[in-house]
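Please consult the sequence and the structure shown below while reading.

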Amino acid sequence: MTIGIDQLGLYTPPFFIDLRELATARGVEPDKYTIGIGQDQQAVAPSSQDVVTMGAAAAKEALAGQDLSKLGLLILATESGVDASKAGALYIHRLLGLPASMRVFELKEACYGGTAGLMMARDYVAAHPGKTALVIASDIARYGLATGGEVTQGAGAVAMVVAEAPRILAVNDDSALHADDIQDFWRPMYTDQALARGKYSTEQYIAFFDEVWATYREKTGRTLADHAAMLFHLPYTKMGLKALKTVLAEATPAAQERLLAQYQASIQYSRRIGNIYTGSLYLGLVSLLENSETLAAGDRLGLFSYGSGAVGEFFSATLQPQFRQAVPLHGHAPLLAQRKQLAIATYEQLFADSWPNDPSDYQSEPAWFAGPFVMSGVTGQERQYRAND
Ligand code: HMG
């Protein structure tokens, strides 16, 4: 039975900053951000947008035209969740009016959560013929103003409907895995800003990639040449390239050229949105499918998922005959083109206007309401979600 991604949705808030302007404001040479890090713009989420509202927006797109009565599982993968107990997935479940007879929960392992959800959904569909699953990877990456990680922030969500006989991508059962308890990046419970050992995290990302790539190669007998494109978790777009370059010499010059060209197609959206943690690898997938004109049905893609802490997984996926109808070229270009650029001072104000980490009530600023769903405020320690009418 072929199982995989039948439909995709992508959402990012309609506000961004230009990273050359941010570099100037931080006294950094702008080329460091655009060339050294590989980021041009960064999505900015006002406080009315969180993993629930963004996830619901992406899921609304992914579910369009789907038979909801087949849906048996909803997983929200996030590492910037809004409650330590209740699953954000339940707010989404209500906002989208999904059937009551479903498994609905949230899962976490840093940026690996999206892949953990996808694999769990694939196994669920295999065990329950005729059922479908919805996986939402939604996050706001925050490190703090003027921190080393600030240039690698971002916000957005990707949603995937997983089904039998999928139209877009078969997710193959060929994973190579590596897990180890390391302290490269984490977020203590008292704060919404992550801590990172920056250089160490980049070294571990590459070490985990090299490990799972070697295992996968040995297990499957495949080489780089067997993959039309290699996709990476993208905390920033230079990161995946660094990992790819550690193995590129294994390929012929022609294959190297092809993989580098496809890599460029895969990073177009991340360059303008930034890190969306759990969804970053799948943002790269959407970008590749919408910006590469040379892909064909039957092509095998290699995907490397990394979540700090850390878990690495490499697996392959095969493009299906109907993928182009399900993912039109440049389909999400308008979502990015229609965003509003913010001055750095405005971004700093929005960054500071965060919901409270104490029992007080809070009202999100209606002037910044955007997207199909909003978190209008916190009343009596309960978050208020509604459609943005
Ligand atoms: P940094 O210390 O600001 O940057 O930290 P740097 O000094 O290492 O410079 C970065 C690059 O810019 C270097 O290139 C410089 O040479 C270059 P490289 O040697 O890497 O090829 N550079 C310039 N290039 C052109 N013109 C110039 C110029 N100046 C310098 N003028 C760092 C960068 C990414 C570490 C920091 O932003 C950070 O800590 N980010 C957060 C952590 C992170 O993203 N880690 C990535 C791996 S871990 C991961 O992916 C998991 C994660 O997504 C979380 C999760 O799993 O949940 C983060």
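## Helix packing

Helix H7 crosses helix H8 with a right-handed sense; a crossing is right-handed if the near helix is turned clockwise from the far one by less than a right angle, and left-handed if anticlockwise. The model is predicted: local features need pLDDT of at least 70, side-chain atom pairs count only at pLDDT 80 or more, and totals for chains, interfaces and linings use all residues. Residues are numbered from 1 along each chain as its sequence is written, and side-chain values use heavy atoms, with hydrogens and water left out. Helices (H or I, at least four residues) and strands (E, at least two) are DSSP runs, numbered from the N terminus.

Two packed helices are described by the angle between their axes and the distance between the axes. Here the axes are lines fitted to C-alpha atoms, for helices over the stretch in contact, and angles run from 0 to 180 degrees between N-to-C directions. The values for two helix pairs are set out below.

| Helix pair | Angle between axes | Distance between axes |
|---|---|---|
| H6 and H7 (residues 237–245) | about 45° | 9 Å |
| H7 and H8 (residues 253–266) | about 165° | 11 Å |

H6 is therefore oblique to H7, whereas H7 and H8 are roughly antiparallel to each other. In these terms, angles under 35 degrees count as roughly parallel, over 145 as roughly antiparallel, 65 to 115 as roughly perpendicular and the rest as oblique.

The passage of H6 over H7 is a right-handed crossing. On the H6 side, Thr202, Tyr205, Ile206 and Phe209 meet Met239, Gly240, Lys242 and Ala243 of H7, where contact means heavy atoms within 4.5 Å. By class, the residues of the contact of H6 with H7 comprise five nonpolar, two polar and one charged. For this classification, Ala, Val, Leu, Ile, Met, Phe, Trp, Tyr, Cys and Pro count as nonpolar, Asp, Glu, Lys and Arg as charged, and the others, Gly among them, as polar.

Towards H8, the residues Thr237, Gly240, Leu241 and Leu244 of H7 meet Leu259, Leu260 and Tyr263. The contact of H7 with H8 has five nonpolar and two polar residues, and no charged ones.

The buried residues of H7 are Thr237, Met239, Gly240, Leu241, Ala243 and Leu244; buried means under 20% relative accessible area, exposed over 50%, and partly exposed in between (1.4 Å probe, protein chains only). Their cover includes helix H2 (30–37), H6, strand E12 (229–232), H8 and helix H9 (270–273).

Glutamate 218 also belongs to H6 (residues 198–220). With a relative accessibility of 73%, glutamate 218 counts as exposed.

Helix H5 (residues 113–127) has 15 residues and should span 21 Å at 1.5 Å a residue, which agrees with the 21 Å between its end C-alpha atoms. The expected span is 1.5 Å times one less than the number of residues. H5 is mostly covered, with 11 of its 15 residues buried; among them are Gly113, Leu118, Met119, Arg122 and Tyr124.

Alanine 110 is placed in the loop between strand E5 (103–107) and H5. Although it is not a glycine, alanine 110 has a positive phi of about 45°, and its relative accessible area of 8% makes it buried.

Within E5 lies phenylalanine 105, which counts as partly exposed at 27% relative accessibility. Neighbours within four places in sequence aside, phenylalanine 105 is in contact with Leu73, Leu74, Ile75, Leu76, Ala87, Ala89 and Met120.

## Other local features

Histidine 93 is part of helix H4 (residues 88–95) and is buried, with a relative accessible area of 14%. Residues up to four places away in sequence not counted, histidine 93 touches Leu74, Leu98, Pro99, Ala100, Met102 and Val104.

Histidine 330 sits in the loop between helix H11 (323–326) and helix H12 (333–337). Its phi is near 55°, a positive value in a residue other than glycine, and histidine 330 is partly exposed with a relative accessible area of 37%.

The peptide bond from glycine 309 to alanine 310 is cis, omega being near 0°. Alanine 310 belongs to the loop between strand E13 (300–307) and strand E14 (311–319).
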